[in-house]
Amino acid sequence: MTHPAPDVPDRLNHRLAQLMAFGTWVSSGFIAAGMVLPVLGAGARSYAEHLVSTGIVLLIVLPPVRVATMGTWFLFHRDPDFALIAASVIVIIIASTLLGAGAT
Amino acid sequence: MLAASALGLFCIAAGASAVGGVLGMASGIFIVPILTTIGGLDIHLAIGASIVSVIACSCGSAAAFLRERLTNVRLAIVLETATTLGAASGVLLSGAVPVPVLYAIFAAVLLLSAWQMLRRRQVAVVPADGKLLQGWTRRLDAVYPDRVPGRDVSYRVDRLPAGLGLMYGAGLLSALLGIGSGVLKIPAMDTALRLPIKVSSATSNFMIGVTAAASAGAYFMRGAIVPDIAGPVALGSVVGALLGARLLVFVPPAKLRLVFVAVLLVLAVQMTLAAFGIHEGLPT
């Protein structure tokens, strides 16, 4: 059985590139703001730490959001195999996070 | 102690990420040894900070590779099932592995990486009578733009089960040591899957963020990712990844490769000493 060449639409690459670039800048912005505020003497230290933590969480969440975006794309473009694979990756990440957090 | 200040952490991460970026590696392989042996940090906190830096490197450079159509996103999502499963195993194991063993594994990975650096990566050639997988796997085949002939070059994905097996190991190492696991991904991509080097580097870089995220979430909830340490390291990694892409134009990779090997060997010695509990003589 042969399949046509899997010509991945450039639009998916473009959309993922936009997501990764935007997500990296936003999370870096939060971290940078949290690092710079105490140096400038602006804001409480707890507020600065909260900003850094938010940036780190956004950074950690960005790759799974990318996987979810891919899964949705595959689903809407009638490619259920790859949508299912993307969903499996999300499930594994969630299971790893929940099981790993409790396994100290 | 340099690593004690946010600026010091930022500079260490930026430098590691820039050098790693020029050579197509994530910064984690430098970050953990530097933070533990030079910075004097607890290895679990160093791994927590490093895993965030691996995500930062991956996310920071993914856009450029995607726009250049070098990343095989379908292959990436298939291989990520194995890397995330490996990462989940690594997270569950991480609490049970004694610290000296972690140092010893890290030293072995550093030595293997140095050896890989000395060997030139070669384009895999599929023998004329080679048995290629047929059917569903052919949906992973793709094309990439090659500047030298100035046209799209098609390639096939081969030996997927072997690639998945190596990727599981890469995910496990990534979670256990807080690294991108290029030491296993490079043979998986080049030798097992027989991908063109540019596609291999771009797809590997694309995947390491998801692999690292599978363990980073758990480490964050455990409190092993300390914002005061991981924040500057992550930011430095993003800046370093951007710098590394620009340095690539000016720095001859061959010379940098030798420096890189020397640094890896020094760090391997330090991690071996740490595995045996010998910390004397190390700068603090």
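Modeller: Before we start, two residues are in contact here if their C-beta atoms, placed from the backbone, lie within 7 Å. And keep in mind that this is a predicted model.

Biologist: Fine. With that in hand, what share of the contacts in chain A with a separation of 6 or more comes from residues 24 or more positions apart?

Modeller: In chain A, 46% of them. For chain B, the share is 82%.

Biologist: What are the two chains built from?

Modeller: Chain A has three helices and zero strands, in the order α-α-α. Chain B has ten helices and two strands, and its elements run α-α-α-α-α-β-β-α-α-α-α-α from the N terminus on. Buried residues make up 35% of the 104 residues in chain A and 57% of the 284 residues of chain B.

Biologist: How confident is the predictor in chain A?

Modeller: The average pLDDT of chain A is 87, and 88% of the residues score at least 70. Residues 1-6 of chain A are below 50, though in the model that stretch has ten contacts beyond near neighbours in sequence.

Biologist: How many residues does each chain bring to the contact between them?

Modeller: Chain A brings 47 residues and chain B brings 50. On chain A, the elements that give two or more residues are α1 (10-40), α2 (45-76) and α3 (80-102). The biggest giver on that side is α1(A), with 14 residues. Sorted by class, the side of chain A that touches chain B has 31 nonpolar, 14 polar and two charged residues.

Biologist: Let's do α2(A). How do you set its reach against what is expected?

Modeller: Its 32 residues reach 45 Å from the first C-alpha to the last, close to the 46 Å expected at 1.5 Å a residue.

Biologist: And where in α2(A) does the kink lie?

Modeller: At A:L62, shortly before the proline A:P63, with an angle of about 35°.

Biologist: What do the buried residues of α3(A) pack against?

Modeller: They pack against α2 of chain A together with α4 (73-94) and α8 (197-222) of chain B. Among the buried residues of α3(A) are A:F82, A:V89, A:I92, A:I93 and A:S96. The helix α3(A) has 23 residues and reaches 33 Å, close to the 33 Å expected.

Biologist: Where is B:T84, and what does B:T84 touch?

Modeller: B:T84 is in helix α4 of chain B. Leaving out residues up to four places away in sequence, B:T84 touches A:V89, A:I92, A:I93 and A:S96 from chain A, plus B:G171, B:V210, B:T211 and B:A214 from chain B.

Biologist: How do you know that the length of α5 (residues 99-118) of chain B agrees with a helix of 20 residues?

Modeller: At 1.5 Å a residue, α5(B) should span 28 Å, and its end C-alpha atoms are 29 Å apart, which agrees.

Biologist: Which residues of α5(B) are buried, and what puts them on the same side?

Modeller: The buried ones are B:L102, B:Y103, B:F106, B:A107, B:V109, B:L110 and B:S113. They cover an arc of only 165° around the axis, and that puts them on the same side of α5(B). The face turned away from that buried side carries the exposed residues B:V101, B:W115 and B:L118.

Methods: Residues numbered from 1 in each chain as written. Chains lettered and ligands numbered in written order. Predicted model: local features only at pLDDT ≥ 70, side-chain atom pairs only at ≥ 80, totals over all residues. Helix = DSSP H or I, 4+ residues; strand = E, 2+ residues; numbered from the N terminus. Nonpolar A, V, L, I, M, F, W, Y, C, P; charged D, E, K, R; others polar. Buried ≥ 20, exposed ≤ 12 C-beta atoms within 10 Å, placed from the backbone. Expected span 1.5 Å × (residues − 1). Bend = angle between axes of the 7 residues up to and from the residue. pLDDT = per-residue confidence, 0-100. Arc of directions from axis to C-beta.
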